[in-house]
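Subject: Structure for your review

Dear colleague,

Please find below the structure that I am handing over to you. My findings follow it, and I would ask you to read them with the structure open.

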Amino acid sequence: MSETLEPALPDHLDEQAERLMHAICDRGLKIATAESCTGGMFAALMTDIEGCGHGFDRGFVTYSKAAKRELLGIDPDVLDRNDAVSEPVARAMAEGALHRSEADIAIGVTGFAGPGEPGCEEGLVHFALARRDRPANHRAEHFGAAGRGPVRVKSLKVMLELLEQALREE
């Protein structure tokens with residue numbers, strides 16, 4: 001069970017994370033994360049599972065465009081042509097985390113957990129999951145104006161679902 005995020009997470013998410021990390025370790029795989037709106041919460045959840053540290057390679061928290069370029073190697077044109085919260089950027093984040101790590105699977109997330117600038121949809125979150133030698137999968141969610149904390153927790157749930165789906169396809 002997660003010790004760090006336990007009070008804030010529903011038990012079923014904690015249990016799902018533990019089950020998935022054990023499955024990752026049992027298969028000899030490693031994961032990496034590239035997070036923006038979740039601020040590293042997914043990495044914290046996945047690294048808090050006792051005995052499964054070898055299944056997590058690294059996590060990138062890339063809130064700014066500069067961080068996305070510098071840490072994940074995202075082409076500046078991708079960031080200039082698209083909103084930071086968009087499908088192309090989520091895909092580039094997952095692919096960048098995969099290429100800049102020794103992981104087999106990488107998850108990227110970018111979104112508006114709280115109110116943004118005018119014209120920004122509060123609660124819009126884009127997710128992508130990349131695997132070696134396969135195109136990245138994308139998913140968008142419209143959580144609405146639920147608040148920063150609830151949007152982040154709902155985002156963790158989606159990331160776990162994407163990871164679970166990827167392991168079924170493995």
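The accessible surface of the protein comes to about 7800 Å², and carbon and sulfur atoms account for 47% of this area. Please keep in mind throughout that this is a predicted model. Of the 170 residues, 49% count as buried.

The charges may be considered next.

As to the overall fold, the protein contains six helices and five strands. Along the sequence they follow the pattern α-β-α-β-α-α-α-β-β-β-α. The radius of gyration is 15 Å, close to the 15 Å that the globule rule gives for 170 residues, so the protein is as compact as a globular protein of that length. Taken along the principal axes, the C-alpha atoms fill a box of roughly 45 × 35 × 25 Å. Among contacts with a separation of 6 or more, 64% are between residues 24 or more positions apart.

Which residues of helix 5 are buried? They are V89, A90, A92, M93, A94, G96, A97 and L98.

M41 is found in helix 2, which spans residues 41-47. Is M41 buried or exposed? Its relative accessible area is 16%, and buried means under 20%, so M41 is buried. M41 and V61 are 20 residues apart in sequence, and their C-alpha atoms are 9.4 Å apart in space.

The second residue is D133, in the loop between strand 4 and strand 5 (134-142). Most residues other than glycine have a negative phi. D133, however, has a positive phi of about 60° although it is not a glycine. With a relative accessibility of 82%, D133 counts as exposed, whereas M41 is buried.

Yours sincerely

Notes
Residues numbered from 1 in each chain as written. Predicted model: local features only at pLDDT ≥ 70, side-chain atom pairs only at ≥ 80, totals over all residues. Heavy atoms only, no water. Helix = DSSP H or I, 4+ residues; strand = E, 2+ residues; numbered from the N terminus. Rg over C-alpha atoms; globule rule 2.2 N^0.38 Å. Buried < 20%, exposed > 50% of the residue type's maximum accessible area, 1.4 Å probe, protein only. Contact = heavy atoms within 4.5 Å. Areas by Shrake-Rupley, 256 points an atom, 1.4 Å probe, with all protein chains shown as cover.
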